[in-house]
Amino acid sequence: MCSSLLNFCFPQLSFLQTMSLSHMENMPLSHSSLQGAQRPSWKQWLLYSTVIIVLLLCSFSALIFTFLPLKTAQGPCVAKFGPLPSKWQMPSPEPSCVNKTADWRLKILQNGLYLIYGQVAPNTAYKGRAPFEVQLRKNEDPIQALTNNSMIQNVGGAYEFHAGDVIDLIFNAEHQVLKNKTYWGIFLLTNPQFIS
């Protein structure tokens, strides 16, 4: 009865009681963080950590390659044979990485990564019995073969050779190619051994 009498006599009091309770429901439990600021989630921490680790790995690998460079060729090591009537063309003094042994053939003197380049011009007037075939060989094993006699073709690529390897360009029959338009050459790119 007393509470109903209070409500009847002082209606403002009941309004104030309900207002203070609703205000309490909306209050945060802890005042340790600023209102409106959010703490990063575990996904953001994972993303940030991953980015930092990748940056550290890139920096570390850059340092490794800075202090452990590859050995490069001391000077230009280039040799070219053909087109005929020209023979082997080499800078003077003769390069230390290859040695000419015969026409269209040379011996590798230094381990390394080499670029072979060339052009083969088929003789379309050739009517012999042998099928058209041109081979780039290493130690008498083919590393590239050309069999299309209808157009000029490129020969070569990047190859790793070792001291003692013999590289040559051979033809299935002597008159299958136009030797005045056919040539091949070799260029030492790098010696891929790490400095110790």
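This is a predicted model: local features need pLDDT of at least 70, side-chain atom pairs count only at pLDDT 80 or more; totals for chains, interfaces and linings use all residues.
I looked up Tyr114 to begin with: its relative accessibility is 0%, so Tyr114 counts as buried. My cut-offs here: buried is under 20% relative accessible area, exposed is over 50%, and partly exposed is in between, with a 1.4 Å probe and protein chains only. I number residues from 1 along each chain as its sequence is written, and side-chain values use heavy atoms, with hydrogens and water left out.

Next I went through the aromatic pairs. Rings of Phe, Tyr and Trp (its six-membered ring) pair if their centres lie within 6.5 Å; planes under 30 degrees apart are stacked, over 60 edge-to-face, and the rest tilted. I got four aromatic pairs by this rule. One of them is Trp104 with Phe171, which is edge-to-face, with 5.2 Å centre to centre and 85° between the planes. Trp104 is in the loop between S4 and strand S5 (105–108) and Phe171 is in strand S10, so I'm looking at parts of the chain 67 residues apart. For those names: helices (H or I, at least four residues) and strands (E, at least two) are DSSP runs, numbered from the N terminus. Both Trp104 and Phe171 are buried.

Back to Tyr114: its ring centre is 5.7 Å from that of Phe161 and the planes are at 40°, so I file this pair as tilted. Tyr114 sits in strand S6 (residues 112–120) and Phe161 in strand S9 (residues 153–161), 47 residues apart. Phe161 counts as buried because its relative accessibility is 1%.

I also found that Phe81, Trp104 and Phe171 make up one aromatic cluster.

Which residues does Lys179 touch, leaving aside its neighbours within four places in sequence? I find Pro83, Leu84, Trp104, Phe171 and Glu174, where contact means heavy atoms within 4.5 Å. Lys179 lies in the loop between strand S10 (166–171) and strand S11 (183–194). Its relative accessibility is 16%, so Lys179 counts as buried.

Lys80 lies over the face of Tyr183, 4.7 Å from the ring centre. The rule I used: NZ of Lys or CZ of Arg within 6 Å of the ring centre and within 35 degrees of the ring normal.

**The disulfide**

How many disulfides does the structure hold? I count one, taking a disulfide as a pair of cysteine sulfur atoms within 2.5 Å. Cys77 and Cys97 form it, with their sulfur atoms 1.3 Å apart in the model. The torsion about the S-S bond is about -75°, so I note the disulfide as left-handed. Cys77 is in the loop between strand S1 (70–72) and strand S2 (78–81), and Cys97 in the loop between strand S3 (88–89) and S4, so the pair ties together parts 20 residues apart in sequence. Cys77 counts as buried because its relative accessibility is 5%, and Cys97 because its value is 1%.

**The sheet**

Last, I traced an open sheet of five strands, in the order S4-S5-S10-S7-S8, with antiparallel pairing. Two strands pair if DSSP finds at least two bridges between them. Strand S4 (98–102) and strand S8 (141–146) are the edges, each pairing on one side only. Strand S7 (residues 134–138) pairs with S8 over five bridges, in the antiparallel sense. There I found Leu136 opposite Gln144 in S8.
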